[in-house]
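Reader: I'd like to go through this one with you, starting with the ligand. Can you put it up?

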Amino acid sequence: MVRHDILHLLSEHAGEYVSGERISQQLNVTRAAIWKQIKVLQGEGFEIEGQTRNGYRLLKCPISLNEWVLKQSLNTTSLGCTIYLEDELTSTNDRAKELARQGGVHGLTVLAKHQSSGQGRLQRQWESPRGGLWMSVVLRPNLSLADASKITLAASVAIVDALWELFRLRIGIKWPNDLVIKGQKLAGILGEVVGEWNTVQTLILGMGINVNFTREQLSAPLNATTLYEILGYEVDLNDLTASILMHLETELMSLERKAFEELRLSWSERAVGLGEEVKILRGEQVFQGIFKGISIDGALLLEMKEGEQSFSAGEVQLRSTMSKYF
Ligand code: BT5
């Protein structure tokens with residue numbers, strides 16, 4: 001794409017002018033065509049200065065999602081190898097499922113700037129205003145169905161680590177995979193198995209993070225927060241996406257090596273409520289006990305008077321009996 005070629009050329013000389021003539025010669029396009037493409041790039045949020053005498057110079061790349069910028073930041077081998085970035089989708093998970101059924105490869109990543117019908121677990125709604133990170137990755141890992149829940153645990157750890165790496169923010173994981181800060185939800189994860197796991201082994205991993213928007217853009221009753229509220233400034237969504245995919249790839253590779261103990265440890269270090277007295281709600285039923293940890297298959301282990309019991313994600317909810325950070 002000519003636009004991307006222009007960007008490559010300008011970014012090689014970031015901050016310096018590159019003459020229209022030079023771009024024209026190197027890319028074999030007319031100067032009028034270059035001018036047109038520069039206008040499009042400016043519309044996408046690239047700060048490009050144009051001077052009749054000196055040419056063009058790239059001053060800044062957009063911090064909103066942009067395929068070219070994202071690809072420059074990506075340092076992965078498989079995740080994000082193919083990127084579908086749309087302005088609006090009903091749900092990135094739905095689009096990723098469609099693409100997976102059409103043969104989408106491992107690592108294919110779908111992003112939307114806004115979701116009109118974002119999904120949570122158990123048919124719940126996920127509010128997805130502009131400025132958030134709404135992403136789904138097609139995974140065809142070398143793992144069994146029993147490992148599917150470990151992948152969502154791995155995703156929680158990846159997001160926590162990316163937020164620490166980029167902003168030195170400590171986020172807690174509320175089992176199974178809500179990401180919370182001071183008790184307020186910042187992000188959620190939705191893993192969905194596509195088709196017969198044993199034959200196709202495909203999991204759609206959806207991750208939603210409230211990033212560059214204010215709390216007011218979410219409905220009032222939600223116990224939620226956004227990165228913007230926490231940090232006080234907008235962050236580069238491309239860097240954030242790249243960092244999450246990088247950490248996720250590392251976690252997945254270690255899972256494929258059967259190194260679940262490492263993941264369990266990483267997850268436990270970041271878990272909220274571990275070792276505390278908690279309540280587990282299953283429909284009308286309430287179980288109370290000490291949150292001991294997670295089992296080999298990612299289930300929550302609860303130590304109760306009657307002995308230890310495990311609860312798998314999806315069917316129950318976790319509540320604290322004391323911590324205000326739930
Ligand atoms: C989740 O479900 O937390 C999984 C959310 C996954 C969203 C991503 S975005 C990209 C991909 N495409 C999708 O369509 N989905 C995935 P769950 O644990 O069921 O939590 C849902 C509950 O969180 C809702 O019932 C609300 O109470 C609350 N909620 C909804 N939107 C929220 C938001 N933006 N921030 C915080 N809480 C929210």
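Predicted model: local features only at pLDDT ≥ 70, side-chain atom pairs only at ≥ 80, totals over all residues.

Reader: Fine. Which residues come nearest to the ligand?

Author: There are 26 residues around the ligand, and S91, Q119, R121, R124 and K185 come nearest.

Reader: What does the side chain of K185 do there?

Author: One of its polar atoms lies 2.8 Å from an oxygen atom of the ligand. R121 uses its backbone: a polar backbone atom is 2.9 Å from an oxygen atom of the ligand.

Reader: How much of the ligand does the protein cover?

Author: On its own the ligand has 800 Å² of accessible area, and the protein covers 91% of that. The space the ligand takes is the largest pocket.

Reader: Which elements give two or more residues to the shell?

Author: Helix 5 (92-101), strand 5 (133-139), strand 8 (184-194) and strand 9 (202-209). Strand 8 gives the most, with four residues.

Reader: What is the shell made of, by class?

Author: It has 13 polar, eight nonpolar and five charged residues.

Reader: Change of topic. How many aromatic pairs are there?

Author: The structure holds three. One of them is W134 with F213, a tilted pair with 6.2 Å centre to centre and 40° between the planes.

Reader: Why does that pair tie together parts that are apart in sequence?

Author: Because W134 lies in strand 5 and F213 in the loop between strand 9 and helix 8 (227-231), the pair joins parts 79 residues apart in sequence.

Reader: Now the backbone. Is the peptide bond from W175 to P176 cis or trans?

Author: It is cis, with omega near 0°. P176 is in the loop between strand 6 (172-174) and strand 7 (178-181).

Reader: What about phi of K182?

Author: Phi of K182 is near 45°, a positive value, and K182 is not a glycine. Most residues other than glycine have a negative phi. K182 sits in the loop between strand 7 and strand 8.

Definitions and conventions. Residues numbered from 1 in each chain as written. Heavy atoms only, no water. Near = heavy atom within 4 Å. Polar contact = N/O pair within 3.5 Å; in protein donor to acceptor, adjacent residues only side chain to side chain. Areas by Shrake-Rupley, 256 points an atom, 1.4 Å probe, with all protein chains shown as cover. 1 Å grid on protein atoms, 1.4 Å probe; cavity = no way out; pocket = protein on both sides within 12 Å on 5 of 7 lines; lining within 4 Å. Sits in = over half its atoms within 2 Å of the grid points. Nonpolar A, V, L, I, M, F, W, Y, C, P; charged D, E, K, R; others polar. Phe/Tyr/Trp six-rings, centres within 6.5 Å; stacked < 30°, edge-to-face > 60°.
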